[in-house]
Amino acid sequence: MNFPKAKKITTQRYEGGLSKIPGVTKSIKLSSNESALGCSSLALQAFIKTKNKISKYPDSNSSLLKKTIASKFKLNQDRIIVGCGSDEIISFACQAFLEKKDEVIVPQFSFLMYRIYSQINGAKVVAAKEKNFKTDIYAILKCVTKKTKIVFLANPNNPTGTYLNKSELKTLRNKLPSRVLLLIDDAYCEYMQTKDYTSGLELFKNSKNVLVTRTFSKIYGLASLRLGWGYASKDVISSLMNVKPPFNVTAGAEAAGVAALKDTKWIKKNIKHNNIWSLQIYKKLKEKKIKCNFPSANFFLMQFDKSCDANNVFKKFAQSKIILRKMNNYKIKNSLRVTVGNAQECRLFIKLLDRIF
Ligand SMILES: Cc1ncc(COP(=O)(O)O)c(C=O)c1O
């Protein structure tokens with residue numbers, strides 16, 4: 001008998017951060033870079049208010065959200081696309097632009113979905129070597145061939161926590177052939193405080209060959225609602241619209257997103273919290289001689305020396321209910337990533353660092 005045969009997909013599947021430790025109730029999840037303080041109460045109220053609408057399809061164009069985004073960031077509403085997480089925008093870019101024999105370039109240790117969606121769409125993934133866990137723009141430029149279609153970049157980068165400054169980003173775009181689409185993933189941009197940092201959106205909002213993605217899953221605390229957006233030229237957005245499913249964003253997610261964007265007080269509170277606790281964690285990691293990135297987004301990549309086994313450290317934290325992120329899938333040796341949690345979680349994390357090291 002002949003059975004339906006699926007196409008061969010050899011790419012590794014994405015595994016998110018663990019959310020439970022077997023046998024442990026109320027574990028503390030510091031494995032997925034989610035918001036430390038949850039979402040704005042205004043966003044929650046807006047979400048709840050949509051409960052009477054669940055029998056109706058949502059606005060497929062997410063018009064109110066686009067309008068709110070355009071007004072907050074001074075953008076052209078017609079150049080915005082909204083997705084079920086920024087993940088979906090990355091997927092649209094791969095579906096719309098990639099064909100067999102195309103190549104994409106990703107930094108060596110970058111967000112895995114760039115590779116996964118590229119491979120699903122038949123493209124070859126070329127990894128550009130990093131220096132000290134930082135994206136190297138000249139290594140990217142060396143990888144460019146006639147077949148290169150997209151260069152993916154998260155800035156700051158997950159999972160390394162390092163970033164390219166404004167001048168490096170500009171140089172990269174200037175030196176890349178104009179036919180190559182540069183996708184800059186701004187997922188953690190709101191947390192960035194360093195003076196030499198500029199978000200992809202700010203820098204390239206008028207560019208014709210840059211697609212910027214943003215998410216509501218991080219500082220806005222709406223990860224479960226799956227909401228993100230992209231900004232690019234009208235031509236690029238029109239190509240992405242060709243592959244966008246209808247009604248990909250729910251009414252609840254859209255309403256919560258609109259309210260979250262408007263609640264600037266809440267966003268500021270989150271930034272302040274992240275600044276304070278990032279510094280505390282950074283100081284403690286230095287004191288313990290654990291290598292890590294400078295404070296940047298809402299997480300740290302902890303690199304242990306030979307005297308210490310990351311799997312053992314993971315277990316010790318897990319015994320005290322804290323879940324960290326293993327870095328095996330990213331092929332980063334002997335390392336773990338920790339998300340900045342709420343004050344109580346950060347205190348416990350620091351206390352455990354003192355106990356374990
Ligand atoms: C760099 C980066 N981009 C995108 C995402 C996915 O975001 P979303 O929840 O909007 O799909 C993540 C999630 O961890 C991420 O780290």
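Are R214 and D186 buried or exposed?

Reply: R214 is buried, and D186 is buried as well. This is a predicted model, so the distances and accessibilities below are computed from its atoms.

The two residues form a salt bridge, with 3.1 Å between the closest N and O atoms. R214 belongs to strand β7, residues 210–215, while D186 sits in the loop between β6 (181–185) and α7 (200–204). They are 28 residues apart, and the pair links distant parts of the chain. Side chains of opposite charge can pair when their charged atoms come close.

A search of the whole structure finds 10 salt bridges, and two others can be set beside this one. K134 pairs with E168, and their closest N and O atoms are 2.8 Å apart. K134 lies in the loop between β4 (124–128) and α5 (137–143), and E168 in helix α6 (residues 166–175), so this pair ties together parts that are 34 residues apart in sequence. K134 counts as partly exposed because its relative accessibility is 27%.

The other pair is K288 with D354, where the closest N and O atoms are again listed at 2.8 Å. K288 is in the loop between α10 (264–287) and β9 (299–303), and D354 is in helix α12, residues 343–356. The two are 66 residues apart, and the pair links distant parts of the chain. K288 has a relative accessible area of 18%, so it is buried. D354, at 37% relative accessibility, counts as partly exposed. Salt bridges with shared partners also join K284, E287, K288 and D354 into one network.

For the chain as a whole, there are 63 positive and 25 negative side chains, and the centres of the two sets lie 2 Å apart. The chain contains 12 helices and 12 strands. Its radius of gyration is 20 Å, which agrees with the value near 21 Å that a compact globule of 357 residues would have. The C-alpha atoms fill a box of roughly 60 × 55 × 50 Å along the principal axes. Buried residues make up 55% of the 357 residues, R214 and D186 being among the buried ones. Of the contacts between residues at least 6 apart in sequence, 74% join residues at least 24 apart. The accessible surface of the chain comes to about 18,000 Å², and 53% of that belongs to carbon and sulfur atoms.

Some backbone details remain. Most residues other than glycine have a negative phi, and most peptide bonds are trans. The peptide bond from N155 to P156 is cis, with omega near 0°, and P156 lies in the loop between β5 (148–154) and α6. A cis peptide bond also joins N158 and P159, with omega about 15°; P159 is likewise in the loop between β5 and α6.

N33, which is not a glycine, has phi of about 55° and is found in the loop between β1 (28–29) and α1 (41–49). With 0% relative accessibility, N33 counts as buried. K74 has a phi near 55° and is found in the loop between α2 (63–73) and β2 (80–83). At 67% relative accessibility, K74 counts as exposed.

Technical notes: Residues numbered from 1 in each chain as written. Predicted model: local features only at pLDDT ≥ 70, side-chain atom pairs only at ≥ 80, totals over all residues. Heavy atoms only, no water. Helix = DSSP H or I, 4+ residues; strand = E, 2+ residues; numbered from the N terminus. Rg over C-alpha atoms; globule rule 2.2 N^0.38 Å. Buried < 20%, exposed > 50% of the residue type's maximum accessible area, 1.4 Å probe, protein only. Contact = heavy atoms within 4.5 Å. Areas by Shrake-Rupley, 256 points an atom, 1.4 Å probe, with all protein chains shown as cover. Lys, Arg positive; Asp, Glu negative; His and termini not counted. Charge placed at Lys NZ, Arg CZ, Asp CG, Glu CD. Salt bridge = Lys/Arg side-chain N within 4 Å of Asp/Glu carboxyl O.
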